[in-house]
Amino acid sequence: MVSVIITSYKRPVEIVERAVESVLTQTYTDLEVLIVDDNIDHSPESEQLSKAFSERERVRYIKQDGNKGACAARNLGIRKAKGEFIGFLDDDDTWEKDKLEVQLARFEGTDEKVGMVYCLGDVIVCTTNPPTVEEYYTTKLYKDEITFKDQLKYDYIGSTSQALIRKSCLVALGGFDESLPARQDYEMWLRISKDYRILGVKKVLFHYYQHDMVQITKSPKKALTGYRIVYKKYKKYYKADKSAHIGLLERMMQEVKGHYKVLYQYYRIEKHLLMMMEK
């Protein structure tokens, strides 16, 4: 069985319904959907989710105790999941119909050391009329297998919506780090790649929707804080690998560019000094 965890916060119920339908119409059918409601108790969003999904076949509605964030909601879903494999889907994204079938096929013949299979995606830009489709930012970085060294330098994967993971792997690693306000996915992929193998499927199987609603990825402050926490957790590895350290600084620069000029110049100088040391 595959357990698909959809966490939801301040999202119109019809958007969540779109995500759920993309799971329930999968060609692989041995699955359950867990809707983890992260809204404030008794909020209109919470009441709508409860009404829409409490009695739905193959769907389990789970109310988180108040609003604790996406990581806490995902971890609650992991604890409640019955499946051997776990997939995550953001409440405003969708999957292609054969996503689970294709990713499970990649797991075939592998042992427990293959902890995760990821796929490619695209971006549906909803702010244009009509909506347009763009390439997802990690597409050009695709690798058939991603190592810990690879992930230190770049985020080759991206969204949690791309991953299919053995539940035993997630449990062994303790789930998502709830102290991070953003980039929790990147930190999780780092931990998995350190102790397990990550394989890829070179096919677009998920769709990321870019819109004007609430999205964690739109906050440069949260993203920067997340990267800083990641750096502290893996400092000894970044210190030992200058190219990875430079790669992290480049991503931090991208987050603060146009928002925090002093920080941008600071990271730019630090990157320059590291590049000089490499020579």
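K10 lies in the loop that connects β1 (2–8) to α1 (13–24). In this predicted model, K10 adopts a positive phi of about 50°, although it is not a glycine. Most residues other than glycine have a negative phi, and most peptide bonds are trans. K10 counts as partly exposed because its relative accessibility is 42%, between the limits of 20% and 50%.

A second residue with a positive phi is H42, which is likewise not a glycine and has a value of about 65°. H42 belongs to the loop between β2 (31–37) and α2 (44–53). With a relative accessibility of 70%, over the 50% limit, H42 is therefore classed as exposed.

The backbone also contains a cis peptide bond, which joins N129 and P130 and has an omega of about 0°. P130 is located in the loop between β6 (114–125) and β7 (132–135).

The C-alpha trace spans about 60 × 45 × 40 Å along its principal axes. For 279 residues, a compact globule would have a radius of gyration near 19 Å, and the protein has 19 Å, so the two agree. Contacts within the chain can be considered next. Among those with a separation of 6 or more, 76% are between residues 24 or more positions apart.

The interior may now be examined. Of the 279 residues, 54% count as buried. The largest nonpolar core has 32 residues, and the members that touch the most others are V2, V4, I6, V20, V23, V33 and I35. At least two residues of this core come from each of β1, α1, β2, α2, α4 (99–107), β6 and β10 (197–210). The surroundings of V4 illustrate the packing: leaving aside residues up to four places away in sequence, V4 touches V23, E32, V33, L34, G87, L89, W95 and L100.

The surface and the charges complete the description. The protein exposes about 13,300 Å², of which carbon and sulfur atoms supply 53%. There are 45 positive and 42 negative side chains, and the centres of these two sets lie 8 Å apart.

How values were computed:
Residues numbered from 1 in each chain as written. Predicted model: local features only at pLDDT ≥ 70, side-chain atom pairs only at ≥ 80, totals over all residues. Heavy atoms only, no water. Rg over C-alpha atoms; globule rule 2.2 N^0.38 Å. Buried < 20%, exposed > 50% of the residue type's maximum accessible area, 1.4 Å probe, protein only. Contact = heavy atoms within 4.5 Å. Areas by Shrake-Rupley, 256 points an atom, 1.4 Å probe, with all protein chains shown as cover. Lys, Arg positive; Asp, Glu negative; His and termini not counted. Charge placed at Lys NZ, Arg CZ, Asp CG, Glu CD. Helix = DSSP H or I, 4+ residues; strand = E, 2+ residues; numbered from the N terminus. Core = buried A, V, L, I, M, F, W, Y, C linked by side-chain atoms within 4.5 Å.
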